[in-house]
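Here is a guided reading of one model. Please look through the sequence and the fold before going on.

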Amino acid sequence: MTPQGLAEWYQALAKTMLLPGALLDQFAIGLTGRAPLPPAPLRWRVHGTPDLASFLEVGDRCAQDIAKALRQVGRDFAEFRRILDFGCGCGRVLMPVRRLAPAAQCQGTDLDGEAIAWCAANLPGCEFTVNGPEPPLPFDAGRFDLVYAISVFTHLDEASQFRWLAELQRLTQPGGILLVTVHGSACWNGWPRDQSEAVRRKGILLVQEPVMEVFAPYCAQNTYHTREYVIEQYSRYFRVLDYLPAAMNRHQDVVLLERGASTAA
Ligand SMILES: C[S@@+](CC[C@H](N)C(=O)[O-])C[C@H]1O[C@@H](n2cnc3c(N)ncnc32)[C@H](O)[C@@H]1O
């Protein structure tokens with residue numbers, strides 16, 4: 001059987017989440033040559049499928065997309081000393097970010113305790129915390145010079161989004177960068193007219209996804225934004241340096257924010 005055929009077979013089994021599936025998953029992880037990697041159920045939660053090849057590919061692409069976005073505003077991974085991955089899940093993006101910024105102290109946080117337990121046990125050189133659904137995080141003000149949140153604000157409701165923006169502002173040092181991604185127009189332009197109008201009208205729309213409860217309980221709602229809303233609202237917390245449509249993993253918009261010198265943006 002080819003590795004590809006084996007991977008497909010494993011995926012079918014892994015969906016049952018039974019022991020044979022888990023053993024086969026470990027075998028398939030070995031075949032990638034990139035072990036340790038998180039087990040199928042954890043990959044599924046952040047990735048929508050347990051597929052290993054696309055998990056690795058998307059993680060690598062997202063890290064490169066962060067690097068590209070930083071370069072757009074004249075910044076580089078190499079200059080950051082303390083990096084926070086907010087909503088790191090099982091480390092899909094943090095693993096390749098670590099390779100791009102080997103000198104930085106990397107911190108991951110998420111409300112998914114199982115994902116964080118896996119990261120803490122398997123990703124040396126980074127520190128991890130489990131956070132609650134609402135702020136605060138257990139860090140001193142101004143601790144980080146780069147904070148990023150990939151596909152996290154895409155799941156927060158409006159009030160929670162503002163509380164987390166205020167908290168991430170507190171944690172980012174003056175002149176530091178916050179990079180977040182949102183579901184911008186590339187994600188909703190093709191919707192039926194009444195639904196895309198609903199996003200346009202208020203600038204933000206929360207959509208419940210009950211089916212996601214089954215395999216991604218922390219992502220059971222999706223949030224959609226307009227560019228105008230993001231720039232107007234997020235500039236209450238940070239200086240908006242740039243807004244890059246579909247610049248994260250070819251579909252999410254990237255918002256590049258800089259912490260001002262004072263508590264005001
Ligand atoms: C789609 S996954 C993306 C995970 C990771 N950033 C990546 O790209 O692989 C969304 C993540 O956000 C996390 N999350 C959602 N709300 C959160 C919150 N209030 N605080 C921390 N993490 C949160 C979820 O647990 C999940 O791991």
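The paragraphs below take up a tyrosine, a pair of strands and some cysteines.

The model is predicted, so local features need pLDDT of at least 70 and side-chain atom pairs count only at pLDDT 80 or more, while totals for chains, interfaces and linings use all residues. Residues are numbered from 1 along each chain as its sequence is written, and side-chain values use heavy atoms, with hydrogens and water left out.

Tyr148 lies in strand E4 (residues 144-149); strands are DSSP runs of at least two residues, numbered from the N terminus. Its relative accessible area is 0%, so Tyr148 is buried (under 20% relative accessible area, with a 1.4 Å probe and protein chains only). Beyond four places in sequence, its contacts (heavy atoms within 4.5 Å) include Ile66, Phe86 and Leu179. Asp85 is also among these contacts, and the side chains of Tyr148 and Asp85 make a polar contact at 2.9 Å (a pair of N or O atoms within 3.5 Å, one able to donate a hydrogen and the other to accept it; residues adjacent in sequence count only if both atoms are side-chain atoms).

Strand E7 (residues 221-225) is largely enclosed by the rest of the structure, because five of its five residues are buried. In a regular strand, side chains alternate between the two faces of the sheet. Gln221, Thr223 and His225 point one way from E7, and Asn222 and Tyr224 the other. E7 pairs with strand E6 (residues 204-208) in the antiparallel sense over five bridges; pairing requires at least two DSSP bridges. Thr223 is the bridge partner of Leu206.

The count of disulfides (cysteine sulfur atoms within 2.5 Å) is zero. The cysteine sulfur closest to that of Cys119 is in Cys88, 4.8 Å away, which is too far for a bond.

Technical notes: Helix = DSSP H or I, 4+ residues; strand = E, 2+ residues; numbered from the N terminus. Buried < 20%, exposed > 50% of the residue type's maximum accessible area, 1.4 Å probe, protein only.
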